[in-house]
Each structure stands twice: as structure tokens, then as C-alpha cells.
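I opened this notebook to keep track of what I looked up.

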Amino acid sequence: MAVALQLAERGLYTTCPNPRVGCVLVRDGQIVGEGWHRYAGEPHAEIHALHAAGQSARGATAYVTLEPCSHHGRTPPCADALVSAGVKRVVAAVKDPNPQVAGQGMNKLRAAGIEIDCGLMENVARELNIGFFSRMSRGLPWLRSKIAMSLDGRTALRNGASQWISCTGSRQDVQRWRGRSCAVLTGIGTVLADDPRLTLREPQLTAQESENGNRKTRSVSGSLRVVLDSRLQLPVTARILHGGNVRVYTVTHDSQKIAALEKVGAQVVVLPDVSGRVDLNAALRDLAANGCNEVLVEAGAVLNGALLQAGLVDELLIYVAPQLLGDMARGIAELGELTRLDQRIELEWQDVRNVGMDLRILARVKRK
């Protein structure tokens, strides 16, 4: 199963909106076939493993990181393929949370006389597809907010200057988190201040395959870029609009502004809440409905604070630079004044490591 999980991780940047899945076929103590899901719309991990094993799949045990699918989507059911191949046992790491599967794959295999086990290395398998599980179980993407800050918790000088607080190694590392995310979300304040592209710029983020002994490389496509812009202040010349694949959430029905943005390729969605701002929960549910598993927030203190106060942030990805910016510099999130300790937002450390000269902290919001 550990090998299957390593295989699944090869699809980290390429399978959205599908989960990352790996499969290993074992017969008489030997691996006879391996596969992983490479691209959405293409064969799943089990199919690749069965193809590699050929006739050796008969009587084998399949170790797969997610319950085999049982429904017709863009590809036929993997459960049927395993039955047809004569596999005698299937060990799944975790049950598929997709309501179209949700145990039906294992039931189909069991009905065909195949021995089923489920739960081996389940926690690791869930973490690998944490956004897919979130989208299927909550109707929300897994929201991860990236913050570059000084040791005293400041993200920019009072005048807004912030390039660059984090080191080159940290900025390269952020590219990997962008690459695995289905969408990168920011606010209009960040766009107007920094004019970011929020594109994927690291050429090494590619998926490599070997077919008939010939190696080929296919680049990872950029994530959807999302802007929250209540009054549609986004200029049509903004760099984030270059190349399309942009979604703008707003509260205004200004037809001229909407038409101008749509003319340069942006999708505009009007989603007001009761206070006249963009409905954050509705925006994230809309992203989930459009297949977004993981969303990376790259924004300032205002939007970070709003998302945290709304209980929508799942993780903080924090790059701490060995520097001090002083009391007047800007903080990481506008949360207002807390008057009681029970109002605080508590976190759980997930990972702490050095990245270049910086310290990278992954902290998960503790749910009450």
C-alpha cells in the first residue's frame, strides 16, 4: 500500500477534479503491475496496473489507495475491470466519499466473490486527497491560506511594501502548492496593490510517463484564478486576467463592467450576502460545485481575516522569514479585538521545516 500511495502522489498536480489514486497488483509475493491515475478523463490507476500485469493479474491481490469506482463517468467502472481480470482480493486504503461510489464499488467486488479489505493506511490516503474528501463530504474545497511573514508576524510595511519578505526557496515552494491546488484565490485589494499573475511558473512541475519505452512529458496546466471583488474594481489590464481561466465574484450587477471583464475572458459571478459583500461561503461552494478540491488563498489581512472569522480556512501555510518589521507593519489577518480567550482561533501544528532561509509552518485550524 505504501508503494501504491507513492504512485498516487505522482498525480499530485494533474488529476483535479479527480482524486490521486495508485494501484499495485501482487501475485505470489511479487509486484506484477503498477499504475496511477495520471490525468482527469484518462484511465484510472487500476486500469494502468491491470494493463501492466496482463495475464498475471488473474489470482492477484490489488492494493489501491481508494475504493475502486463502480459507475460510468468519463471512464468505465474499475470494479468491473478488476472482476474481468480475475483479481482474487482487493485491499483499499479508504472508502470513496463520492456518493456515486460510497461502498458500491466494494459491494460489486464482493458480489463477484472477491475478498475485500478496507482501511490499510487510511489516514495517509485521506491526507493525499484531503480536498477531494472535503468537496464530497462538506460541499466545500479544502481552503489553505498562504502567508509570508516576518518573525514578529508582519506581512508588509505600513506603506504596503512586501516584496520580498520570504526567500527564493520559499517562493519556489509556493509554486508547488499552487500546482496542487485547483484554484488560487485573492482579493481585489491584493490585485490593485501588487498586480499579481498568480500563475504557475515552475517548469519542473510536470508529469512524466513512459509508454512503449519512450518517455514523454506533459506540463501541468495553471490553476483557476479567483478574485473577490465586490464593486468590480478589477481593471481589464490587470495581469491576473492574462491567459484567461479567471473567475470573479462580485455583488454588483453593473452590466458594462461585467461585459468588459467577460470580453477579456473572465467569468463573473454575482454572489451578494446580506451585508452587501461577496458571500464567501457561497463562493467556495460554487468553486466546489465546479470541481475545485483544494483552494490556495494568496491575499492580504482583510480577506484572510474575513475567511478566518467565517470559519472557512482549514489550514495556514506560513513562511516565517528571519527578520523583524516592527509594530507599524501590517499583520496577517484582521480579526478585530478579542476580549475573551475563548474567542481565539486555535491551531494544530501539522508540519514545521526549513525552506531555504525561512521556516515553513503548516498549521490546521482546530474545529470546536
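In which hand of crossing, left-handed or right-handed, does α3 pass α4? I found that α3 passes α4 in a right-handed crossing; a crossing is right-handed if the near helix is turned clockwise from the far one by less than a right angle, and left-handed if anticlockwise.

Before going on I noted the source. This is a predicted model, in which local features need pLDDT of at least 70 and side-chain atom pairs count only at pLDDT 80 or more, while totals for chains, interfaces and linings use all residues. Residues are numbered from 1 along each chain as its sequence is written, and side-chain values use heavy atoms, with hydrogens and water left out.

**Entry: α3 and α4.** I looked up the angle between α3 and helix α4 (residues 104-111) and got about 20°, with the axes 9 Å apart. Axes are lines fitted to C-alpha atoms, for helices over the stretch in contact, and angles run from 0 to 180 degrees between N-to-C directions. α3 and α4 are therefore roughly parallel to each other (angles under 35 degrees count as such). Helices are DSSP runs (H or I, at least four residues), strands likewise (E, at least two), numbered from the N terminus. On the α3 side I listed Ala79, Asp80, Leu82 and Val83, and on the α4 side Gly105, Lys108 and Leu109; contact means heavy atoms within 4.5 Å.

**Entry: α2 and α3.** Helix α2 (residues 45-53) and helix α3 (residues 78-85) have axes that come within 9 Å and cross at roughly 20°. I noted a left-handed crossing for α2 passing α3. Glu46, Ile47 and Leu50 of α2 meet Cys78, Ala81, Leu82 and Ala85 of α3.

**Entry: cavity.** I found 1 cavity of 30 Å³ or more. On a 1 Å grid over the protein atoms alone, a cavity is a set of points where a 1.4 Å probe fits but cannot get out, and a pocket is an open set with protein on both sides within 12 Å along at least five of seven lines; lining residues have an atom within 4 Å of a point. The largest cavity holds about 70 Å³ of space, a volume being the space filled by probe spheres set on the points, which are joined across faces, edges and corners. Its lining residues include Leu12, Cys16, Phe132 and Glu294.

**Entry: pocket.** For the second largest pocket I wrote down a volume of about 550 Å³. It is lined by 22 residues, and Glu9, Glu127, Trp177, Arg180 and Leu362 lie nearest its centre.

Conventions
Parallel < 35°, antiparallel > 145°, perpendicular 65-115°, else oblique.
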